[in-house]
Amino acid sequence: MDSHPTPLEAVKALWAAWEKSGAEGVLRHMSPDAEWVSYEGRTYRGREEDQAYVTELRNHDVHMEPRPYSFEPHGDDCVIVAGGLRTRSPRGLSDVQRHWLYRVKNGEIIHVESLSSREDAVRAAERVCQPAG
(Lines give C-alpha, C1' and ligand atoms only; values in the text may rest on other atoms or scores of the structure.)
Protein backbone atom coordinates (compact mmCIF):
# COMPACT_ATOMS: atom_id res chain seq x y z
CA MET A 1 0.00 0.00 0.00
CA ASP A 2 1.34 3.41 -1.01
CA SER A 3 1.62 5.72 1.99
CA HIS A 4 2.61 8.76 -0.06
CA PRO A 5 0.14 11.53 -0.84
CA THR A 6 -1.30 11.59 -4.34
CA PRO A 7 0.23 14.13 -6.73
CA LEU A 8 -2.82 16.36 -6.24
CA GLU A 9 -2.52 16.16 -2.44
CA ALA A 10 1.22 16.87 -2.60
CA VAL A 11 0.73 19.95 -4.80
CA LYS A 12 -2.10 21.29 -2.63
CA ALA A 13 0.14 20.80 0.44
CA LEU A 14 2.89 22.76 -1.30
CA TRP A 15 0.49 25.65 -1.94
CA ALA A 16 -0.67 25.53 1.69
CA ALA A 17 3.00 25.72 2.72
CA TRP A 18 3.42 28.79 0.50
CA GLU A 19 0.48 30.47 2.25
CA LYS A 20 1.95 29.70 5.67
CA SER A 21 5.72 30.09 5.13
CA GLY A 22 6.39 31.47 1.65
CA ALA A 23 9.19 30.10 -0.50
CA GLU A 24 10.95 28.49 2.46
CA GLY A 25 7.86 26.35 3.10
CA VAL A 26 7.71 25.37 -0.56
CA LEU A 27 11.30 24.13 -0.51
CA ARG A 28 10.42 21.70 2.30
CA HIS A 29 7.92 19.99 -0.03
CA MET A 30 10.40 19.58 -2.85
CA SER A 31 12.71 16.64 -3.38
CA PRO A 32 16.36 17.41 -2.55
CA ASP A 33 17.18 16.97 -6.25
CA ALA A 34 14.10 18.75 -7.65
CA GLU A 35 14.27 20.73 -10.86
CA TRP A 36 12.69 24.20 -10.81
CA VAL A 37 12.21 26.07 -14.08
CA SER A 38 11.50 29.71 -13.22
CA TYR A 39 9.16 32.01 -15.11
CA GLU A 40 12.27 33.60 -16.65
CA GLY A 41 13.15 30.20 -18.14
CA ARG A 42 16.15 29.53 -15.90
CA THR A 43 16.52 25.99 -14.57
CA TYR A 44 17.63 25.33 -10.99
CA ARG A 45 18.53 21.77 -9.98
CA GLY A 46 18.77 20.51 -6.43
CA ARG A 47 18.05 22.04 -3.06
CA GLU A 48 21.16 24.23 -3.10
CA GLU A 49 20.29 25.89 -6.43
CA ASP A 50 16.59 26.13 -5.50
CA GLN A 51 17.54 27.89 -2.26
CA ALA A 52 19.94 30.16 -4.16
CA TYR A 53 17.08 31.20 -6.47
CA VAL A 54 14.88 32.09 -3.49
CA THR A 55 17.78 34.02 -1.91
CA GLU A 56 18.48 35.83 -5.20
CA LEU A 57 14.88 37.02 -5.40
CA ARG A 58 14.99 38.21 -1.80
CA ASN A 59 18.32 40.01 -2.34
CA HIS A 60 16.86 41.84 -5.35
CA ASP A 61 13.77 42.83 -3.33
CA VAL A 62 11.46 40.75 -5.53
CA HIS A 63 8.25 39.69 -3.81
CA MET A 64 6.04 37.14 -5.52
CA GLU A 65 2.41 36.63 -4.61
CA PRO A 66 1.06 33.60 -6.49
CA ARG A 67 -2.62 32.67 -6.24
CA PRO A 68 -3.91 29.29 -7.40
CA TYR A 69 -7.28 29.22 -9.16
CA SER A 70 -7.53 25.55 -10.15
CA PHE A 71 -5.70 22.25 -9.83
CA GLU A 72 -5.82 19.79 -12.75
CA PRO A 73 -4.25 16.32 -12.48
CA HIS A 74 -2.40 15.41 -15.65
CA GLY A 75 -1.20 11.89 -16.35
CA ASP A 76 -0.19 9.66 -13.45
CA ASP A 77 2.24 11.97 -11.68
CA CYS A 78 1.60 15.60 -12.63
CA VAL A 79 -0.66 18.48 -11.74
CA ILE A 80 -1.21 21.71 -13.66
CA VAL A 81 -2.15 24.69 -11.52
CA ALA A 82 -3.76 27.74 -13.10
CA GLY A 83 -3.40 30.99 -11.22
CA GLY A 84 -2.20 34.52 -11.02
CA LEU A 85 1.21 35.85 -10.13
CA ARG A 86 1.70 39.34 -8.75
CA THR A 87 5.34 40.37 -8.59
CA ARG A 88 6.52 43.48 -6.77
CA SER A 89 10.10 44.65 -7.31
CA PRO A 90 12.09 47.87 -7.55
CA ARG A 91 11.15 47.87 -11.26
CA GLY A 92 7.42 48.02 -10.44
CA LEU A 93 4.37 45.80 -10.21
CA SER A 94 3.44 42.97 -12.54
CA ASP A 95 0.20 40.99 -12.41
CA VAL A 96 -0.03 38.08 -14.86
CA GLN A 97 -1.84 34.82 -15.38
CA ARG A 98 0.41 31.78 -14.92
CA HIS A 99 0.26 28.02 -15.15
CA TRP A 100 2.55 25.85 -13.08
CA LEU A 101 3.38 22.25 -13.91
CA TYR A 102 4.33 19.98 -11.01
CA ARG A 103 5.63 16.45 -11.25
CA VAL A 104 5.45 14.36 -8.08
CA LYS A 105 7.32 11.18 -7.15
CA ASN A 106 6.90 9.37 -3.83
CA GLY A 107 4.96 12.32 -2.44
CA GLU A 108 7.68 14.88 -3.21
CA ILE A 109 7.75 17.53 -5.90
CA ILE A 110 10.51 16.62 -8.36
CA HIS A 111 9.77 19.17 -11.11
CA VAL A 112 8.19 22.65 -11.11
CA GLU A 113 7.81 24.73 -14.22
CA SER A 114 6.19 28.16 -14.58
CA LEU A 115 4.46 28.74 -17.91
CA SER A 116 2.45 31.53 -19.47
CA SER A 117 -0.52 29.52 -20.78
CA ARG A 118 -2.41 26.28 -20.25
CA GLU A 119 -1.40 25.19 -23.74
CA ASP A 120 2.28 25.62 -22.82
CA ALA A 121 1.68 23.70 -19.58
CA VAL A 122 0.02 20.80 -21.43
CA ARG A 123 2.91 20.66 -23.94
CA ALA A 124 5.40 20.64 -21.05
CA ALA A 125 3.39 17.91 -19.33
CA GLU A 126 3.61 15.76 -22.47
CA ARG A 127 7.40 16.09 -22.25
CA VAL A 128 7.81 15.73 -18.46
CA CYS A 129 4.96 13.56 -17.11
CA GLN A 130 4.08 9.90 -17.21
CA PRO A 131 0.93 9.23 -19.24
CA ALA A 132 -2.15 8.09 -17.31
CA GLY A 133 -2.30 4.37 -17.30
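User: Which residue stands opposite P66, and in which strand?

Analyst: In this predicted model, where local features need pLDDT of at least 70, side-chain atom pairs count only at pLDDT 80 or more, and totals for chains, interfaces and linings use all residues, P66 stands opposite L85 in β4. Residues are numbered from 1 along each chain as its sequence is written, and side-chain values use heavy atoms, with hydrogens and water left out.

User: Why is the pair of W36 and Y53 called edge-to-face?

Analyst: Rings of Phe, Tyr and Trp (its six-membered ring) pair if their centres lie within 6.5 Å, and planes under 30 degrees apart count as stacked, over 60 as edge-to-face and the rest as tilted. A search of the whole structure finds three aromatic pairs. The ring centres of W36 and Y53 are 5.1 Å apart and their planes stand at 85°, so this pair is edge-to-face. It links distant parts of the chain, since W36 is in strand β1 (residues 30–37) and Y53 in helix α3 (residues 46–59), 17 residues apart.

User: Why do the rings of Y44 and Y53 count as stacked?

Analyst: Their centres are 4.4 Å apart and their planes are at 25°, so this pair is stacked. Ring pairs link W36, Y44 and Y53 into a cluster.

User: How do you know whether W36 and Y53 are buried or exposed?

Analyst: Buried means under 20% relative accessible area, exposed over 50%, and partly exposed in between, with a 1.4 Å probe and protein chains only. W36 has 14% relative accessibility and therefore counts as buried, and Y53, with a relative accessible area of 2%, is buried too.

User: Why is Q130 called partly exposed?

Analyst: Q130, in the segment after α4 (118–128), has 42% relative accessibility, so it counts as partly exposed. Leaving aside neighbours within four places in sequence, Q130 is in contact (heavy atoms within 4.5 Å) with G75, D76, D77 and R103.

Note on methods
Helices (H or I, at least four residues) and strands (E, at least two) are DSSP runs, numbered from the N terminus. Two strands pair if DSSP finds at least two bridges between them.
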